[in-house]
Amino acid sequence: PVLKVTLAVSDLQKSLNYWSDLLGMNIYEQDEEKQRALLGYDENQCKLELQGIKDSVDHAAAFGRIAFSCPKKELPDLEDLMKRENQKILTPLVSLDTPGKATVQVVILADPDGHEICFVGDEAFRELSKMDPEGNKLLDDVSLIFIFFYIRTA
């Protein structure tokens, strides 16, 4: 299992304020000397480690985001809080249709160092995360199409 994800941060205290005070994460460990902190929403879930680097975070060409699921009804309040606190909202609360499946609600934020954070409505996320009994066959079909396309264009 994934036990933790580590993010480099330019200012540990500023990041702790964001992740703990605004996003409501619990601080499980903090070491000022080593400029690191371990946070999470629950003792039994994957943790977020913040590692201070005492310099600005350079994302260069890297991309990606951390995602959390939470009850759909909490998303508007989260967005409102970020607006009141003048925090960066990359994607305001939106509903994303998945034809034939659940419509999922998301809001995407950026922390003080520009790390992207997606909050997704848990109910629809759980529906979309169910195992598809045809999944292996669908992957095999896509693989065969890709191999055929590659051979035809090579």
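**Close-up views of a predicted model**

View 1. α1 lies across β1, β2, β3 and β4 and runs at about 5° to β3. Axes are lines fitted to C-alpha atoms, for helices over the stretch in contact, and angles run from 0 to 180 degrees between N-to-C directions. Contact means heavy atoms within 4.5 Å. Helices (H or I, at least four residues) and strands (E, at least two) are DSSP runs, numbered from the N terminus. The model is predicted: local features need pLDDT of at least 70, side-chain atom pairs count only at pLDDT 80 or more, and totals for chains, interfaces and linings use all residues. Residues are numbered from 1 along each chain as its sequence is written, and side-chain values use heavy atoms, with hydrogens and water left out.

**View 2. The open sheet.** Four strands are arranged in the order β1-β4-β3-β2, with mixed pairing. β1 and β2 are the edge strands, each pairing on one side only. On average, neighbouring strands of this sheet are turned by 20° against each other, direction ignored. Two strands count as paired if DSSP finds at least two bridges between them.

View 3. Strand β2 (residues 26-31) pairs with strand β3 (residues 36-40) in the antiparallel sense over five bridges. Asn-26 has Gly-40 in β3 as its bridge partner, and Ile-27 stands opposite Leu-39 in β3. Four residues lie between the strands of the hairpin, where Gln-35 takes a positive phi near 55°.

**View 4. The largest nonpolar core.** Among its 24 residues, Tyr-18, Trp-19, Leu-23, Leu-50, Leu-109 and Phe-119 touch the most other members. At least two residues of this core come from each of β1 (4-9), α1 (12-22), β3, β4 (47-52), β5 (65-70), α2 (75-84), β7 (104-110) and β8 (116-121). α1 supplies the largest share, five residues. A nonpolar core is a set of buried Ala, Val, Leu, Ile, Met, Phe, Trp, Tyr and Cys residues joined through side-chain atoms within 4.5 Å. Buried means under 20% relative accessible area, exposed over 50%, and partly exposed in between (1.4 Å probe, protein chains only).

**View 5. Surroundings of Leu-23.** Beyond its neighbours within four places in sequence, Leu-23 is in contact with Tyr-18, Tyr-41, Leu-78, Met-82, Leu-109, Ile-117 and Phe-119.

**View 6. Leu-75 in helix α2.** Leu-75 lies in helix α2 and is buried, with a relative accessible area of 0%. Not counting residues up to four places away in sequence, Leu-75 touches Cys-70, Leu-93, Gln-105, Val-106, Val-107, Phe-119, Val-120 and Gly-121. The C-alpha atoms of Leu-75 and Leu-93 are separated by 7.2 Å, although these residues are 18 apart along the chain.

**View 7. The largest pocket.** Its volume is about 550 Å³. Of the 22 lining residues, Tyr-41, Gln-45, Ala-67, Phe-68 and Ser-69 are the closest to the pocket centre. β5 gives the most to the lining, five residues, and β4, β5, α2, β8 and α3 (122-128) each supply at least two. On a 1 Å grid over the protein atoms alone, a pocket is an open set of points where a 1.4 Å probe fits, with protein on both sides within 12 Å along at least five of seven lines; lining residues have an atom within 4 Å of a point. Grid points are joined across faces, edges and corners, and the volume is the space filled by probe spheres set on the points.
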